[in-house]
Amino acid sequence: MSSVATSPGTARSGRGQFTELFTGGGRSRRLLWLFVGVVVLFSVARVLSGQEALTSSSTFSAALLLAVPIGLAALGGLFSERAGVVNIGLEGMMILGTWGAGWAGYQWGWGAAVLAGLLFGAVGGLLHAVATVTFGVDHVVSGVAINILAAGVVRFLSELLYVDNAAGGGAAQSPALSNRPPDFSLPVLSSGPDLLGDLESQHWFLISDLAGLLRGLTHEVGVLTLIAVLLIPASYLVLWRTAFGLRLRSCGENPAAADSLGVPVYRLKYIAVLISGGLAGLGGVFLVFVANIYREGQTGGRGFIGLAALIFGNWRPGGLAAGAGLFGFADALQLRSRTAVVALLLLVALLLAALAVGQAVQRRIVSAVIAAVFAAASLVGFLLIDTLPPGIVFFTPHLTTLLVLSLASQRLRMPAADGLVYRRGEQ
Amino acid sequence: MNGRPGLLRRIGLALLGPVLAIVVALVISAIVIALIGEDPIAAFQVMVDLGDTPSQQIQSIVVILNRAVPLFLAGLAVSVAFRMGLFNIGVEGQYRMAAIAAAAVGAAVALPAPLHVLLIIAVAVVVGALWAGIVGLLKVTRGVSEVISSIMLNFIALGTASFLLTGPLRGSGEGASIVTTKPIPESGWFPGLNGLLTGLGLAEPRTELYGFLIVAVVVGVAIAVLIKRTRFGFDLRASGLSPSAATASGVNARGMVIKTMLLSGAIAGLIGLPDLLGDTHEFGTQFTGGLGFLGIAVALLGRNTPVGIALAALLFAFLDRAALPLQFADIPSSVVTIIQGTIVLTVVIANEVARRLAVRTAERAGSAAAAPPTEPGEGGGGGTPPSDGPTGHPTGHGRSDDRQGAQA
């Protein structure tokens, strides 16, 4: 093991014991270390800043709540883009989903709301599929048109059905849902004796942070949240472990080759975009469940952010879940506590300092210096600022997403034929 | 082959798309209106009716033009990026940042009239360009997709603008229901064009026609010339059509991304100014929003050419004006949004159908032109089966054999 003693410059060619510990053992080991690193980082930041909200279970549970609609939209984007259809229309399909859920929910309860949301979203998907697959319209163009159209259609339907409705509602909102979906908690650990809650309130380094995370993810979880979380591995299995998934992905990589092998490219693209619309609609249903009512503008651009999460996650289910989680966490933090957002600056400082050290070790002096300067700036910001004004706090999640993307965005690879119009017999 | 019928057919096909689209959009809207139990014909009459007296009609036209000017600029900003294959969805944030910065600078300084206006315009252009420049910079240095970064920057612009408005740039009093910046003094107002209208012998409208209309026309012409007649424009279009071919012929792809985003953002910076300099004279919570997203639709409808965008902006402005009269007629004004969305969707579909028809007729013309020389050759070879030659001819076997014989 002579490589242990070699200079850092040659560490790239031969792995030392130390490097082997962290990067050996394949992806799962690396991800595990990444997770451990992030938890330690958060723990350190919490203890240093004294902001308990940074890792409290209520923050994590709010984060989950905010991440689910984004994750569902992103999952919708995954299906469609893996089949080669760019879906900017996710936002519009989500809007249709919220309206459908509100309309069915106030009449027949939450089960009907789920079905109607799925259906309304899928109608948006069908429109997108007709335009892009059958008529070969540019995908972005069709998506933008669907966004405009969806906003008009739901307003129109509301004016038509909710104004002068005896059950309540108006031009911009539906009557309240007739019943609420059930939710679950993990027995013993996060309800009843609530062991995790006890552990969390001790404020021990690392242990309490982990307890907060686990309790946030297991306490009073809604039925749709459960479905959404399960949909992530399910999508992975469908897309990467079945013949259907392989064919679907082949449409996104090389439709001409897929066609020549007998894959029904058009039909698969239709199915993918329909699923995509349905999932985006389901994201809308979730928003309606949270508010217990349909309200205009409820989606608030979450379809677009889902698209960002999809790209952030490199067009893979696990990645997009991480992207949605990151966004949900930042959003939850700014909603729970404006002072805790300042603690994020400390986090950024720590992260950038680590990056600077890493770059310096690899002899990339310029990027190391840049990272170090920004790390210092973040630290100064953390020390000087007490609370941020609401306007600034509002965009914390968006700025976080942008920062993370610009720090780690070069190794992304989208499906090769994503966004290209495929016409049989035309190359 | 023969030029004139070909030319006529080309023009016919070019017109076919939009006409088809508008007809389909009208039919769909009519069905929607009929579904809610209103009379579609009456609704369309309400929309087309500009007023009874000449002064009312002039007033309606001024309202349409005033709405069309920002829409045109928004469409132009989006189209410049589109021509290069960049999707600038961030126009919304760019014009918002530019408008608040311009309003703040305009209110803070006191200069003679033309200089004051020029300074405000310059500030808006620079801020818009810089805000869009972030997108370009992130794309070329860090490989961040411009769609994502500009969506995020839209939200950041929204938050920053609201922070600036309620914090350091607040001009209105504490108790005011509508928060605004300090008003721009009169030397920073853009003169209106109503004098021109009355000079032409038309009735004086109640609303001032934006003088910014002239700026918009000048910018439109300048962009048309820039795209069509300059080296930069050629590089831009080439990069849009085939990035690899453009790079191979020596275009600096990274530089082009930055330059294009700066240009697109600079135009986006102008979007808020017609309202700011011609009407409100201050930036507030009630400032016109959503123009960036409508700009995307306008650019698509206008097929990314300045003339097309101008027509599309006028159409959208015309539809927007109809919202209020429709409400008076007890028809949901959201019909307007539905018509706009339907028109965009049908226009793009119709364009695609028309393009495919054009390709097919060109192919048919091509094969007709190519067929006569090959047929006798093959026929002369003797060995080829006769069924190869007459494919596509509806006349059938016997006739084509006769013709082969005649030609031989």
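**Close-up views of a predicted two-chain model**

**Figure 1. Confidence in chain B of the predicted model.** Chain B has an average pLDDT of 81, and 87% of its residues score at least 70. Within chain B, confidence is highest in helix α11 (residues 253-270), at a mean of 94, and lowest in helix α16 (residues 397-407), at 37. The pLDDT is below 50 over residues 373-408 of chain B, a stretch that has 20 contacts in the model beyond near neighbours in sequence. Where pLDDT is low, the predicted coordinates should not be read in detail.

**Figure 2. Chain A: confidence and overall make-up.** For chain A the average pLDDT is 82, with 89% of the residues scoring at least 70. Over residues 1-14 of chain A, pLDDT stays under 50, and the model has eleven contacts for this stretch beyond four places in sequence. Chain A contains 18 helices and two strands, and 51% of its 427 residues count as buried. Among the contacts in chain A with a separation of 6 or more, 75% join residues 24 or more positions apart.

**Figure 3. The contact between chain A and chain B.** Chain A contributes 37 residues to the contact, and chain B contributes 36 residues. On the side of chain B that touches chain A, at least two residues each come from α5 (113-142), α6 (146-166), α13 (291-301) and α15 (334-381) of chain B. The largest share of this side, 13 residues, is supplied by α15(B). Sorted by class, the side of chain B that touches chain A holds 21 nonpolar, 13 polar and two charged residues. The model as a whole scores ipTM 0.77 and pTM 0.80.

**Figure 4. The largest nonpolar core.** This core has 244 residues, of which Ile100(B), Ala124(B) and Val298(B) touch the most other members. Helix α3 (residues 54-83) of chain B provides the largest share of the core, 17 residues.

**Figure 5. The surroundings of Ala98(B).** Ala98(B) belongs to helix α4 (residues 91-108) of chain B. Is Ala98(B) buried or exposed? Ala98(B) counts as buried because it has 31 C-beta neighbours inside 10 Å, and a residue needs 20 or more to be classed in this way. Apart from neighbours within four places in sequence, Ala98(B) is in contact with Ala124(B), Val127(B), Gly128(B), Ala268(B), Gly269(B) and Gly272(B). Ala98(B) and Gly292(B) are 194 residues apart in sequence, and their C-alpha atoms are 13 Å apart in space.

**Figure 6. Helix α14 of chain B and its bend.** Helix α14 (residues 306-328) of chain B has 23 residues and reaches 34 Å from its first C-alpha to its last, close to the 33 Å expected at 1.5 Å a residue. Where does α14(B) bend? The bend, of about 25°, is at Ala322(B), and a proline, Pro325(B), follows within four residues. The buried residues of α14(B) are Pro306(B), Ile309(B), Ala310(B), Ala312(B), Ala313(B), Leu315(B), Phe316(B), Ala317(B), Arg321(B), Ala322(B) and Leu326(B). An α-helix has 3.6 residues a turn, so residues three or four places apart point the same way. Just after α14(B), Asp330(B) adopts a positive phi of about 65°.

Conventions: Residues numbered from 1 in each chain as written. Chains lettered and ligands numbered in written order. Predicted model: local features only at pLDDT ≥ 70, side-chain atom pairs only at ≥ 80, totals over all residues. Contact = placed C-beta atoms within 7 Å. Nonpolar A, V, L, I, M, F, W, Y, C, P; charged D, E, K, R; others polar. pLDDT = per-residue confidence, 0-100. Core = buried A, V, L, I, M, F, W, Y, C linked by C-beta atoms within 7 Å. Buried ≥ 20, exposed ≤ 12 C-beta atoms within 10 Å, placed from the backbone. Expected span 1.5 Å × (residues − 1). Bend = angle between axes of the 7 residues up to and from the residue.
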